Amino acid sequence: MSTAPRGRSEEIAGSQMLTEMVRLRGALQAAALPLDLAGVAALREHRQQVIDQLEDYVIPRLMSLDAPLLTVVGGSTGAGKSTLVNTLVGHRVTAPGVLRPTTRSPVLAHHPDDGKWFGQDRLLPDLKRVSHPTNDHDCIQLVPTDAVPKGVAILDAPDVDSVEERNRLLAGQLLAAADLWLFVTSAARYSDQVPWEYLKQAAERSTSVALVLDRTPPDVVETVSGHLARMMASRGLKDSPLFGVPEGPVTDDGLLPLGHVAEIRGWLEALAADAFARNAIVQQTVGGSIRILTRRVYPIADAAEEQLVAIGDLATLVERQYDIVRKQLLTATTDGTLLRGDLLIRWQEFVGSGELIRSLDAKVGFVRERLVNAIKGKPQQAERVASAIGTGLETLVVEHAEQAAARAAAAWRATPYGAQLVDAAAEDLSRAARDLRRRVDREVQAWQAELQELVRTESGDVRTSARFLAVGVRGLAVTLAVVVLGGDQPPAAAAESLRMGTRLLEAVVGPGAAGMLRYKARESLEDRIRALLAGEANRYVAPADQWQLAPDAGEQLRAAARRVDDLRYAATVQKGSGGHL
Amino acid sequence: MTEPDGESRELRDLATRGTSIGARLEGLERAVSAARGRLDDALLDETEATVERATARLRLSAHHTVVAIAGATGSGKSSTFNALTGLELSSTGVRRPTTSWATACVWGSEGAEEVLDWLGIPPRHQTMRDSMLDTNFDDRALDGVVLMDLPDHDSTEVAHHLEVDRLVELADLLVWVLDPQKYADAALHDRYLAPYATHAGVMLIVLNHIDTIAPDKRQSMVDDVKRLLANDGLGAVKVIPISAREGIGVEELRQEIASRVEQKRSTTARVEADVAAAAGRLDRAGGDAPPRDISPQQARALEERVAEAAGVPTIAAAVERSIRSRAARAVAWPPVALVAGLGRRRQDEQLAGHRADSPPQTVAVQRAAVDNGIRELADEASQGLAAPWADSVRDAAISRLDEIDDALDGGLGTVDLRADRVPGWVALVRVLQWLVFLGAVGGGVWWAVLASQGTLDEAPEVAGFALPPVVLAGGLVLGLLLWLVFRPLVGGTARARGAAADDALREVVSDVLAKQVVAPTNGALASYSAFRSGIAHAQQ
């Protein structure tokens, strides 16, 4: 094949453009759009299309500008694509059928000398190269034949409108990789909606298109082609050639009489011979692709930034709800909210019998007190209070966590993109975590154990005193817990018994140490509650962390697109009105 | 939803007398009204529209069957229409799309006006077959047919698609015209065939242009069409290969339509298919978990939890203890009681004024525990329900937690525990004990006075004993006896008081929960039951 007449400056521009395209692809891949923001579905699709377009066409094309002109024969099911390709090639390379949709891998017919251009690493790298017909959609069948002129390759794509979704997707992918579309329609098809949507896309990105009106009875060719030409003109394809292929007898090999396709064949041969015209077609399609790519990139960049903002908003929503609930919970654990019901009664039983206080004043011996306690069951009473504290705290924290989860989930549901995350989450985000009760239980146990340890260490030298021994570590720890939970302004019903608890504490360890104990116990409880709720809130933001959105993805993308635009502009200025690159 | 007014219901009753369709439509209506506010409004509106459409159709001429011929542009709808009518009513041509408006041809015009009016087909696009003076066709077979030629569904003219969408919903029998080029188009299968999988009974598929296929390949093409239809869930639909141009199969198609029309079943079948499809959609959206309500066991379990949270068992035990000690003191020999009482008072003073034996009182409930219990009940009650219903049930149960807690606190606070008053008989025994004790003291004093005066012998005698010592001894013995007799009864009384307090507190709990939790939750569950039963009626 002959090399296109291109200057050195153009080559430099081409290699620069290639670099920028690769960078643009990288920037696009970094700009993921995971959240369902308004209108994001279309942008996601655009992003994928742009990436595909870069990988399947623009980058390979820029890497090998001298490769043959890839002509993709596309169109509707039943419009006669296979017959047309067979006739153009001159023998049967694909099996046309009356049954729809025809399912088989695409066929690429090329001149034997052009084979090097269609290796695995070139065009359409996802599709495996095979040399025999197959029905595998992930393959592409290569047919080297002298019937195809050097410099042109013909690719037979699946239909764009059949019920086979895989066919439609592959057709879209192949058409996106084409230098030139040979779009086939028929008398029954030419006003169908689906093919025209494809043609509209082609017109938008100035892909070179030639239309073939196939399977048309000779007597109506004139009427239909006239109407079709008007439709083309009104839809931005007035410069595209229109070929008519009359309906004719098909040979057993699936070929039409040669004369029926002579016009198309002649046109292709002329293109093959004319390197300049071929290059112009490639330039037009690549240039159009790049123009539409950069134009599509800006909204994607905006969307990537919106995603970041939205994720930030979602995190704020959760944070706000959990803040409110955390505040409520911390208040509830210091204002005597818990000193009700069972806990209050058991505490009053523990502290209120009077014997406890009296025993502090009496100068009684250690052994005797142990005996008395054993008989009267004071330690059991302390145990009962401790278990009531455990239950009370556990239900209080779980209940608040449930409220926080319900509020956070509701706040997310109020946003369209948050609802998606709530629905997609592995666990029910409107509820507290399933193992929360267990974790709270563990924390409350740990807190009570810590209080005992605190009492033991803080009480220092009084540890062997009769008073201390009378109440016991457990009893003091329980008293400390209740005093902390009661806070400074306990409810009236509990005030009396709390005053006694405070007196008890002060009587045993002294007023200073009692204050210190209260402070430390309080801090420890708050820390534990904060940690528990933080774990709960974290369930919401964890998925967003996984996406690892780069904060500057949008800016990078814009910069990449701007560099491409600059290159395009420079090329246009340099070459006058000639080039698109 | 708005209840259908009396007149339309009456008309529907008239139209559906003797059939189950009226009951099925009503079932659908009930399901919609039960689900309103819970399921997606768009779905419910759509279902209501189905009911309205069905009602409207059933009110119209039962004599007429609306047959719609639909298909892609260029598949030959109009040629098929013309072949069936035997007239060139619809324009055919090579320029696509050809047909822009629906055209109708009616065999047997009596009563057809209102049907055509309902279909929205203007008179200029109507043809009355019996208004023409030709009797070439055996038209009796198609008597009562309203045959419509629809525009295409796949051309670049979007207005055509909208007209097709509208009329496809109204036709009693849908005849889809396919052709060898277009029979596998996604535009047809994805939009009009697969979504109508429920309507196989009111559908016919015509494979037109069969003459363009070699005779030996025709059967395999019909089989292929059937394969694609089976993929759409329409395997049961009849496929008739025809060529409107060559006249192949047209008679068979006419016969098929005629037989459907003759059975006069198409209208009902279409409505039934619509109802079944709508019921199916509701069923999928609303879930099919069995209806339930809150069982007495569940309600009791919640009461138990709330009672715990209010400390009811502990309070009851305290009441029992309090009554036991008071009653025991009351029936005891007064000096003993007095000493015990004094001892207690001294302790109390040490406790900075706190009275350890002050009568037990109710305390406020542990709110978190109550809320938790209700939340768990809501979970149980909504388990397995589809999300919208589960939300509604949970909402009914837990939306007023604060009010419930306040009501519990208020209610429990007003309960008289009667912990500081001993029963009447105990009070009586106390008086008796004091009387007897005073009597004994009197006897003792008398004896002492007589003894000091040395006039002991002058004292009256009873059975040979001086009276004063007898009074003293009798008083003491009687006091002891009273104590011995009544002391054992104290335990029972105290237990009874404790149990009474327990009952009174639990009654408050049970009352509040029944009114504020169980009743609203059962209300939401009842709506779900109504929804399920409505769907069951619609699907019968």
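Analyst: Let's settle one word before anything else: a residue is buried if its relative accessible area is under 20%, exposed if over 50%, and partly exposed in between, using a 1.4 Å probe and protein chains only. You're looking at a predicted model, so to speak of a local feature I need pLDDT of at least 70, and side-chain atom pairs count only at pLDDT 80 or more, while totals for chains, interfaces and linings use all residues. Residues are numbered from 1 along each chain as its sequence is written, chains are lettered from A and ligands numbered from 1 in the order in which they are written, and side-chain values use heavy atoms, with hydrogens and water left out.

Trp181(A) has 0% relative accessibility, so Trp181(A) counts as buried. Phe183(A) is buried too, with a relative accessible area of 1%. Aromatic rings (Phe, Tyr and the six-membered ring of Trp) pair if their centres lie within 6.5 Å; planes under 30 degrees apart are stacked, over 60 edge-to-face, and the rest tilted. Over all chains, the structure holds 12 such aromatic pairs. Trp181(A) and Phe183(A) have ring centres 5.9 Å apart and planes at 25°, so they are stacked. Elsewhere in chain A, Tyr322(A), Trp412(A) and Tyr540(A) make one aromatic cluster.

A ring can also have a charge over it, which here means NZ of Lys or CZ of Arg within 6 Å of the ring centre and within 35 degrees of the ring normal. Arg235(A) does this with Trp196(A), lying over its face at 5.0 Å from the ring centre.

Next, the strands. Helices (H or I, at least four residues) and strands (E, at least two) are DSSP runs, numbered from the N terminus. Strand β2 of chain A covers residues 107–110: Val107(A) and Ala109(A) point one way, Leu108(A) and His110(A) the other way, and all are buried. Two strands pair if DSSP finds at least two bridges between them. β2(A) has 4 bridges to strand β4 (residues 139–144) of chain A, and the two run parallel; Val107(A) has Gln141(A) as its bridge partner there. With strand β5 (residues 152–159) of chain A, β2(A) pairs in the antiparallel sense, over 4 bridges, and Ala109(A) has Ile154(A) as its partner in β5(A).

Chain B has an open sheet of 7 strands, in the order β3-β2-β4-β1-β5-β6-β7, with mixed pairing. At the edges sit β3 (126–128) and β7 (238–241) of chain B, each pairing on one side only. From one strand to the next, the twist averages 20°; axes are lines fitted to C-alpha atoms, for helices over the stretch in contact, and angles run from 0 to 180 degrees between N-to-C directions. Inside the sheet, β1 (residues 65–71) and β4 (residues 145–152) of chain B run parallel and are joined by 6 bridges, with Val66(B) partnered by Val146(B) in β4(B). Helix α7 (residues 186–193) of chain B lies across β5 (173–178) and β6 (203–207) of chain B, running at about 170° to β5(B).

Contact means heavy atoms within 4.5 Å, and beyond its neighbours within four places in sequence, Asn82(B) is in contact with Leu87(B), Glu88(B), Leu89(B), Ser90(B) and Thr92(B).

Finally, the packing as a whole. A nonpolar core is a set of buried Ala, Val, Leu, Ile, Met, Phe, Trp, Tyr and Cys residues joined through side-chain atoms within 4.5 Å. The largest one has 243 residues, and Met21(A), Ile389(A), Leu282(B) and Phe531(B) have the most contacts inside it. Helix α8 (residues 275–332) of chain A gives this core its largest share, 20 residues. Leaving out neighbours within four places in sequence, Phe531(B) is in contact with residues including Ala31(B), Leu39(B), Leu282(B) and Trp389(B). Apart from that core lies another, of 44 residues, among them Leu116(B), Ile121(B), Val222(B) and Leu228(B).
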